[in-house]
Amino acid sequence: MEAFLCTEDLCRHFGGVTATDCVCINIEHNGLRSIIGPNGAGKTTFINIVTGRIPASSGKVLFQGCDITNKPTHELVKMGICRTFQITSVFKDLSVFENVRIARQARKGGSLKIFSLKKHLREVTEETWNILERLDLQNLAAEPAKNLAYGDQRVLEVAIAMAGTPTILFLDEPTAGMSPAETRHISDLIQGLAEDISIVLVEHDMDLVMSISDAITVLHYGSIIAEGQPDDIRSNELVREAYLGKEE
């Protein structure tokens with residue numbers, strides 16, 4: 001079966017440093033794939049290449065059989081490839097609703113004709129409410145983003161990404177800095193999203209990764225050293241060495 005998204009010998013060099021080293025990965029439609037590895041393993045670089053933030057030095061990215069290597073981010077978003085970032089990125093002075101509505105309106109486009117415009121705005125408003133309800137943000141809709149708890153700001157960022165109607169969503173350390181309760185909440189939300197779209201999760205919380213992932217890819221020094229289901233990764237000796245070092 002053809003992979004939903006795959007990379008072929010994907011590489012990225014920064015001067016003499018190889019951050020992504022011939023990475024070949026196949027991501028199926030729907031479900032949750034986690035990408036893990038020690039700091040500096042190349043996880044975020046990999047996501048940046050696939051989502052058009054930086055170009056690949058060599059290799060290919062294929063999406064539904066089409067070569068999308070080095071396409072700009074805005075074109076990839078139109079194709080349904082969206083992402084969040086390690087650092088929270090929202091319009092802090094705008095309300096939760098306005099943050100998501102702007103993102104939805106930008107994705108949807110629209111006509112400048114007055115009657116078409118009214119219909120368009122009604123649709124955008126309805127779709128914005130649907131996104132907020134799906135991510136349990138409806139009760140915070142009128143709240144300025146800057147007043148939200150940190151965990152809710154991270155959920156808002158996911159909502160903004162969902163406004164792009166993704167078919168595959170890359171989440172870059174969405175639980176970083178969260179309390180255990182906030183982590184449990186966003187974990188439930190991520191699992192719900194993975195029922196309808198493909199989720200690629202970069203995360204350092206191993207308990208979270210092992211509990212919600214359908215499959216895990218482990219990077220070390222830019223290369224894949226292991227892939228499989230959580231139980232396979234948990235017992236993999238190369239993964240242990242990457243995180244803990246090799247015993248003398």
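Q: Leaving aside neighbours within four places in sequence, which residues is Ala226 in contact with?
A: Ala226 is in contact with Ile216, Thr217, Val218, Ile233, Asn236 and Val239. Contact here means heavy atoms within 4.5 Å. The model is a predicted one.

Q: Why is Ala226 called buried?
A: Its relative accessible area is 7%. Buried means under 20%. Ala226 is therefore buried. Ala226 sits in strand S10, residues 223–228.

Q: How far apart are Ala226 and Cys22, in sequence and in space?
A: They are 204 residues apart in sequence. From C-alpha to C-alpha, Ala226 and Cys22 are 14 Å apart in space.

Q: What makes Ser95 count as buried?
A: Ser95 has a relative accessibility of 11%. The cut-off is under 20%, so Ser95 counts as buried. Ser95 belongs to the loop between strand S6 (81–83) and helix H3. Beyond its neighbours within four places in sequence, Ser95 is in contact with Ala141, Ala142, Glu143, Pro144 and Ala145.

Q: Why is Asp9 called partly exposed?
A: The relative accessible area of Asp9 is 44%. Buried needs under 20% and exposed needs over 50%, so Asp9 falls in between. Asp9 is placed in strand S1, residues 5–14. Its phi is near 50°, a positive value in a residue other than glycine.

Q: How do you know that Asp136 is partly exposed?
A: Asp136 has 45% relative accessibility. That lies between the cut-offs of 20% and 50%, so Asp136 counts as partly exposed. The loop between H4 and H5 holds Asp136. Phi of Asp136 is near 60°, a positive value in a residue other than glycine.

Q: What makes helix H1 mostly covered?
A: H1 spans residues 43–50, and seven of its eight residues are buried. They are Lys43, Thr45, Phe46, Ile47, Asn48, Ile49 and Val50.

Q: Which residues have the most contacts inside the largest nonpolar core?
A: They are Leu135, Leu137, Leu156, Val158, Met162, Leu169 and Ile199. The core has 34 residues. At least two residues of this core come from each of H3 (96–108), H4 (114–134), H5 (150–162), strand S7 (168–172), H6 (180–193), strand S8 (198–202) and H7 (206–212). H5 gives the most to this core, six residues.

Q: How many helices and strands does the protein chain have?
A: The chain has nine helices and 10 strands.

Q: Why is the chain called as compact as a globular protein of its length?
A: Its radius of gyration is 19 Å. The globule rule gives 18 Å for 248 residues. The two values are close, so the chain is as compact as a globular protein of that length. Along the principal axes, the C-alpha atoms fill a box of roughly 70 × 40 × 35 Å.

Q: What share of the 248 residues is buried?
A: Buried residues make up 46%. The accessible surface comes to about 12300 Å², with 51% belonging to carbon and sulfur atoms.

Q: Of contacts between residues at least 6 apart in sequence, what share joins residues at least 24 apart?
A: The share is 67%.

Q: How far apart are the mean positions of the positive and negative charges?
A: They are 10 Å apart. The chain has 24 positive and 34 negative charges.

Note on methods:
Residues numbered from 1 in each chain as written. Predicted model: local features only at pLDDT ≥ 70, side-chain atom pairs only at ≥ 80, totals over all residues. Heavy atoms only, no water. Helix = DSSP H or I, 4+ residues; strand = E, 2+ residues; numbered from the N terminus. Rg over C-alpha atoms; globule rule 2.2 N^0.38 Å. Buried < 20%, exposed > 50% of the residue type's maximum accessible area, 1.4 Å probe, protein only. Areas by Shrake-Rupley, 256 points an atom, 1.4 Å probe, with all protein chains shown as cover. Lys, Arg positive; Asp, Glu negative; His and termini not counted. Charge placed at Lys NZ, Arg CZ, Asp CG, Glu CD. Core = buried A, V, L, I, M, F, W, Y, C linked by side-chain atoms within 4.5 Å.
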